[in-house]
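Please open the model in your viewer and keep the selection panel at hand. The stops below are meant to be taken in order.

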Amino acid sequence: MTTVRPVREEDRDGWLPLWHGYNDFYRNDPTEEVTRATFRRLCEGSDGLFGLVAEDDEGRLVGLAHLVFHPSTWTTASYCYLEDLFVLREGRGSGAGRALIEGAYAEADRRGADRVYWHTQQYNAPARSLYDAVGHATSFVVYER
């Protein structure tokens, strides 16, 4: 059974391997300063950030979800961007990913957000099979500078 809850300061040692695993998957190498600031902001809920973690039956952290709540020009409510979602290899297939997404939905509902959205790499087929079950793909294409 997976339990999803907000990330806490005392989770840092369990959160770090998840954060590094997520960044390794996307070939990202954040500085220690970014890592420290991200964890602090997730715990504090500052700058619109909110963090969730998934625990297995033995209390080990097996997954994370990082949410960004922000205003939108298309609604008077906010949107919730699910920026980061990651489950350790040994936690995959346990329902942890689905539980984290459902946790994001619950937090968005609690805050009155009109939309929860995220994006992933086209080649991320295992995650996309879950995403197809809990959401729907849109026609938007992502561009960046």
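**First stop: helices 1 and 2**

Select Arg12, Trp15, Leu16 and Trp19 of helix 1, and you will find them meeting Glu32, Thr35, Arg36, Thr38, Phe39 and Leu42 of helix 2, where contact means heavy atoms within 4.5 Å. By class, this contact of helix 1 with helix 2 has five nonpolar, two polar and three charged residues (Ala, Val, Leu, Ile, Met, Phe, Trp, Tyr, Cys and Pro count as nonpolar, Asp, Glu, Lys and Arg as charged, and the others, Gly among them, as polar).

This is a predicted model, in which local features need pLDDT of at least 70 and side-chain atom pairs count only at pLDDT 80 or more, while totals for chains, interfaces and linings use all residues. Residues are numbered from 1 along each chain as its sequence is written, and side-chain values use heavy atoms, with hydrogens and water left out.

Now show the whole of helix 1 (residues 12-25) and helix 2 (residues 32-44), which pack at an angle of about 120°, with their axes 12 Å apart. That makes helix 1 oblique to helix 2 (angles under 35 degrees count as roughly parallel, over 145 as roughly antiparallel, 65 to 115 as roughly perpendicular and the rest as oblique).

**Second stop: helices 3 and 4**

Next select helix 3 (residues 96-111) and helix 4 (residues 125-134), whose axes lie 10 Å apart at an angle of about 45°. Helix 3 is therefore oblique to helix 4. The contact is made by Gly97, Arg98, Ile101 and Tyr105 of helix 3 together with Leu130, Tyr131, Ala133 and Val134 of helix 4, and by class it has six nonpolar, one polar and one charged residues.

**Last stop: the largest pocket**

Finally, select Trp118, His119, His136, Ala137 and Thr138, which lie nearest the centre of the largest pocket, among the 23 residues that line it (a pocket is, on a 1 Å grid over the protein atoms alone, an open set of points where a 1.4 Å probe fits, with protein on both sides within 12 Å along at least five of seven lines, and lining residues have an atom within 4 Å of a point). The lining divides into 12 nonpolar, eight polar and three charged residues.

Technical notes:
Axes fitted to C-alpha atoms, helices over the stretch in contact; angles between N-to-C directions. Helix = DSSP H or I, 4+ residues; strand = E, 2+ residues; numbered from the N terminus.
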